[in-house]
Structure formats: C-alpha cells, structure tokens
Amino acid sequence: MIALQNVKSYTVLAPISLNSAAGTSLDVDTKGAAYAVFTVSLGVVGGAATVMRVTECATDNGTFTAITGLSASGSTGNGRLPQTTDAGTLFKFFVPINGARKRYLNCEITTGATTLVSITCDLLPLEQSPSSAAEMGVAGYLMI
C-alpha cells in the first residue's frame with residue numbers, strides 16, 4: 001500500500017455560507033492515527049475571519065479548548081486569518097497526535113461577513129490500513 005492510501009478522510013463541515021457567524025466542524029476521533037490535517041477551503045470571502053483554530057477534548061461532544069499554536073491570528077504570515085483576497089484558497093492545520101493530545105479534535109472558523117466555507121480532516125498514517133472506500137471515508141476512489 002502506498003503511504004498516502006493509509007488515510008481516513010472526513011468532511012467535517014460541508015460547504016456552508018456563513019454570514020458573520022461561527023462554523024464548527026464535526027468532532028474527529030483521532031484514535032489509531034499519528035497525525036490529523038484539517039483543510040479549510042474558502043469560496044467567496046465577504047470579510048476577514050475573526051477566529052480560525054483547532055480545538056480538542058477528551059470526550060466526544062464535550063467542552064473543547066483551543067490548542068496552543070493552532071489558532072490563526074492577524075492578516076499576514078503563515079498562521080494568519082483569511083482575508084477578503086483569499087477567495088478560492090486553502091488553509092491547513094497540521095496536528096500531531098501524541099501523548100499530550102486529547103482524543104477528539106474539531107476546527108472552528110468565524111467569518112466577518114458572508115463567506116463560503118468547508119472543512120475536511122485527514123487522519124494518517126493509521127494503525128490499521130483501510131481496505132475499502134468506506135473505511136477511507138470516501139464515496140469512491142481510483143488508483144493505478
């Protein structure tokens with residue numbers, strides 16, 4: 001198996017138009033993964049975001065807290081918040097799953113004006129490799 005096939009993918013926030021509102025992803029159970037990668041995809045950006053971060057909790061649907069170093073801020077640099085010029089772009093959060101990390105993660109974004117947003121999460125590598133599209137978290141896939 002190719003290393004990049006040893007992944008579980010989630011759509012944790014289906015494409016949604018947020019109008020100066022918060023969007024919080026579904027909770028992701030990271031059990032059996034070494035790394036989580038959240039991808040925030042932006043369509044039309046009506047105004048700068050005010051919050052974009054990854055949070056964690058020991059239990060599903062519990063009280064999530066921000067992870068130090070994984071909260072975007074400002075308008076410049078790698079860890080910046082989305083701006084109106086960011087239509088059609090991606091923002092990524094790379095989260096190592098280690099002893100100090102809590103089991104459940106989610107990703108939050110609060111927009112400054114009407115913004116089209118979606119968020120996905122990939123867990124990799126997995127302790128147990130997926131053997132079907134369903135186990136990969138996708139509707140289908142092709143490979144050669």
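**Ground rules.** I number residues from 1 along each chain as its sequence is written, and I use heavy atoms for side-chain values, with hydrogens and water left out. Because the model is predicted, I require pLDDT of at least 70 for local features and 80 or more for side-chain atom pairs, while totals for chains, interfaces and linings use all residues.

**Fold.** Helices (H or I, at least four residues) and strands (E, at least two) are DSSP runs, numbered from the N terminus. The order along the sequence is β-β-β-β-β-β-β-β-β-α. The radius of gyration, taken over C-alpha atoms, is 15 Å, close to the 15 Å from the globule rule for 144 residues, so the chain is as compact as a globular protein of that length. That rule is 2.2 Å times the number of residues to the power 0.38. The C-alpha trace spans about 40 × 35 × 25 Å along its principal axes.

Buried means under 20% relative accessible area, exposed over 50%, and partly exposed in between (1.4 Å probe, protein chains only). I take contact as heavy atoms within 4.5 Å. Of the contacts with a separation of 6 or more, 81% are between residues 24 or more positions apart.

**Core.** The largest nonpolar core has 29 residues, and Phe38, Val40, Val95, Ile109 and Ile119 have the most contacts inside it. Such a core is a set of buried Ala, Val, Leu, Ile, Met, Phe, Trp, Tyr and Cys residues joined through side-chain atoms within 4.5 Å. Strands that each supply at least two of its residues include S1 (8-18), S4 (33-45) and S9 (115-126). S4 gives the largest share, six residues. I then listed partners of Val95 beyond four places in sequence; among them are Phe38, Val54, Ile67, Leu70 and Leu105.

**Thr110.** This residue lies in strand S8 and counts as buried at 19% relative accessibility. Beyond its neighbours within four places, Thr110 is in contact with Ala21, Ala22, Ala49, Thr50 and Val51.

**Positive phi.** Most residues other than glycine have a negative phi. I noted Ser20, with phi near 50°, in the loop between S1 and strand S2 (22-24). Ser20 is partly exposed at 46% relative accessible area. Asn61 has a positive phi of about 65° and sits in the loop between S5 and S6. Asn61 is exposed, at 66%.
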